[in-house]
Each structure stands twice: as C-alpha cells, then as structure tokens.
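Reader: I am new to this structure and would like a friendly tour. Could you show it to me and then take my questions?

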Amino acid sequence: MALDAMRFKTFVWPNNPASYTVTQERVMAVNKVPFGTYYLQDLGITRQVMTGQGVFTGEDAYQQFSKLNALFLEGTAGALVHPVWTAANAYLVKLTLEEEPRENYVQYAFEFWEDRSDYAAQSSTGGTASSTAQEAVYYTVCSGDCLWAIANTYSTTVAAILALNPGLKNANLIVTGQVLRVL
C-alpha cells in the first residue's frame with residue numbers, strides 16, 4: 001500500500017518521516033477529602049503533540065529543510081495532514097537539524113502542537129458559554145486533492161466549503177496552490 005505524502009500548509013514532504021509519534025494526554029487532579037481519602041477530577045484532554053524524525057536526501061536536501069524552516073519562522077497554525085493519522089490544525093513548534101551537515105543529506109526532527117481554538121468560552125461561574133469562538137481555518141490545495149477529500153479531512157461538507165468560498169463556483173475545479181476556507 002502506497003501512502004500519501006505528509007503535508008503542512010504548502011510544504012509536501014518528498015518522502016515521509018521515518019518515525020512519527022502522536023501523544024495525547026488527559027489532565028487529572030487529585031483532591032483530598034477528610035479522613036485521608038481522595039477523589040480524581042478529570043480536567044479534560046490537553047493538546048495533542050505530534051513529533052517525528054526523518055531525512056531529506058538528494059541535491060535539494062538543504063532546500064527542502066529551508067522550506068520547512070521558513071514555515072516554522074512564520075509562526076502560524078496550518079493544516080497538518082499525515083498519511084495515516086487524523087489531520088489537524090497545528091503549529092510547528094520545534095524544528096531541529098540533528099547532525100553535522102553532510103552533502104545531499106539532512107537529518108531533522110519536528111514537533112507540532114494541535115491548535116484547538118474552537119473551544120467553548122468559560123463563564124466566570126465555571127459554566128460553558130452558549131456560543132463558541134472558532135477561528136477561520138484555511139487549506140492550500142495540493143496536487144491530487146479533491147474538494148470531497150478536503151471536506152472529509154476537516155469533518156465538514158462540500159456544500160459548507162462552497163458557502164465559505166463564494167468565488168468557488170465549481171466543486172470539481174480546484175487548482176494546486178489555491179487557498180480555501182474550510183471552517
């Protein structure tokens with residue numbers, strides 16, 4: 001089975017990273033009660049962290065690393081699409097060149113943090129407010145993409161994406177490099 005290439009914003013990995021780890025964590029609190037006992041309180045799931053390592057090889061190895069580094073320097077969230085794991089809106093928070101430079105070979109490591117800006121605002125009484133604050137999410141079309149797959153990745157519909165992009169008249173006509181609002 002051939003896997004699709006991993007993508008972040010406009011960057012498409014020429015070869016997928018050698019390793020990829022997804023860490024999810026639930027925050028718990030321990031509360032003491034009288035007479036030496038306690039109870040656990042679930043404070044919810046915290047950010048999802050995606051880390052990995054890989055190599056770029058060939059004459060353009062350093063250019064590939066430079067392109068990824070330019071996205072790191074932007075400091076903004078974007079679509080992270082992994083060929084197996086669920087796509088996420090994420091920040092590239094760490095990018096490491098892992099070895100002494102060699103000709104046509106770059107070993108690197110990365111760390112992404114999932115951006116969950118769509119959380120419900122909390123009121124001063126601790127209850128959940130009735131409205132949710134959701135930032136707009138944009139996706140840059142890559143070669144081979146179709147609107148149905150993009151909608152599926154972001155758990156939305158083609159009709160919803162068409163409504164968010166009034167200039168997009170034909171769902172079957174999207175072009176590489178086109179930026180679409182998906183949420």
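Reader: Of the contacts in the protein with a separation of 6 or more, what share comes from residues 24 or more positions apart?
Author: Happy to start there: contact means heavy atoms within 4.5 Å. Among contacts with a separation of 6 or more, the share from residues 24 or more positions apart is 59%.

Reader: Where do these numbers come from?
Author: This is a predicted model, where local features need pLDDT of at least 70 and side-chain atom pairs count only at pLDDT 80 or more, while totals for chains, interfaces and linings use all residues. Residues are numbered from 1 along each chain as its sequence is written, and side-chain values use heavy atoms, with hydrogens and water left out.

Reader: How many helices and strands does the protein have?
Author: Helices (H or I, at least four residues) and strands (E, at least two) are DSSP runs, numbered from the N terminus. Counted that way, the protein has three helices and 13 strands.

Reader: In what order do the strands of the open sheet lie?
Author: Two strands pair if DSSP finds at least two bridges between them. Seven strands form the open sheet, with antiparallel pairing. Its edge strands, each pairing on one side only, are β2 (11–12) and β3. The order is β2-β1-β7-β8-β9-β6-β3.

Reader: Which residue in β9 is the bridge partner of valine 55?
Author: Strand β6 (residues 49–57) and β9 run antiparallel and are joined by nine bridges. Threonine 51, for instance, has glutamate 111 in β9 as its bridge partner. For valine 55, the partner in β9 is glutamine 107.

Reader: What angle does the direction of helix α1 make with that of β8?
Author: Helix α1 (residues 61–74) packs on the sheet and touches β1 (7–8), β2, β6, β8 (88–97) and β9. Axes are lines fitted to C-alpha atoms, for helices over the stretch in contact, and angles run from 0 to 180 degrees between N-to-C directions. For α1 and β8 the angle is about 125°.

Reader: How many aromatic pairs are there, and why is the pair of phenylalanine 11 and tryptophan 13 called edge-to-face?
Author: Rings of Phe, Tyr and Trp (its six-membered ring) pair if their centres lie within 6.5 Å; planes under 30 degrees apart count as stacked, over 60 as edge-to-face and the rest as tilted. A search of the whole structure finds nine aromatic pairs. In the pair of phenylalanine 11 and tryptophan 13, the ring centres are 4.9 Å apart and the planes stand at 80°, so the pair is edge-to-face.

Reader: How far apart in sequence are the parts tied together by tyrosine 20 and phenylalanine 110?
Author: Their ring centres are 6.1 Å apart with planes at 45°, so this pair is tilted. Tyrosine 20 lies in strand β3 (residues 19–23) and phenylalanine 110 in strand β9 (residues 105–114), so the pair ties together parts that are 90 residues apart in sequence.

Reader: Is phenylalanine 110 buried or exposed?
Author: Buried means under 20% relative accessible area, exposed over 50%, and partly exposed in between (1.4 Å probe, protein chains only). At 3% relative accessibility, phenylalanine 110 counts as buried.

Reader: Which residues of the largest nonpolar core touch the most other members?
Author: A nonpolar core is a set of buried Ala, Val, Leu, Ile, Met, Phe, Trp, Tyr and Cys residues joined through side-chain atoms within 4.5 Å. The largest one has 18 residues, and β6, α1, β8 and β9 each supply at least two residues of this core. The residues that touch the most other members are Phe8, Trp13, Phe56, Leu68, Leu80, Phe110 and Phe112.

Reader: Which arginine lies over the face of tryptophan 113?
Author: A charge sits over a ring if NZ of Lys or CZ of Arg is within 6 Å of the ring centre and within 35 degrees of the ring normal. Over tyrosine 105 sits the charged end of arginine 102, 4.1 Å from the ring centre. Over the face of tryptophan 113, at 3.9 Å from the ring centre, lies arginine 47.

Reader: Which residue in the turn between β4 and β5 has a positive phi?
Author: Strand β4 (residues 26–33) runs antiparallel to β5, with eight bridges joining them. The two form a hairpin with three residues between them. In that turn, the residue with a positive phi, about 70°, is phenylalanine 35.

Reader: Is tyrosine 38 buried or exposed?
Author: Tyrosine 38 lies in strand β5 (residues 37–45). Leaving aside neighbours within four places in sequence, tyrosine 38 is in contact with Val30, Asn31, Lys32 and Val33. With a relative accessible area of 52%, tyrosine 38 is exposed.
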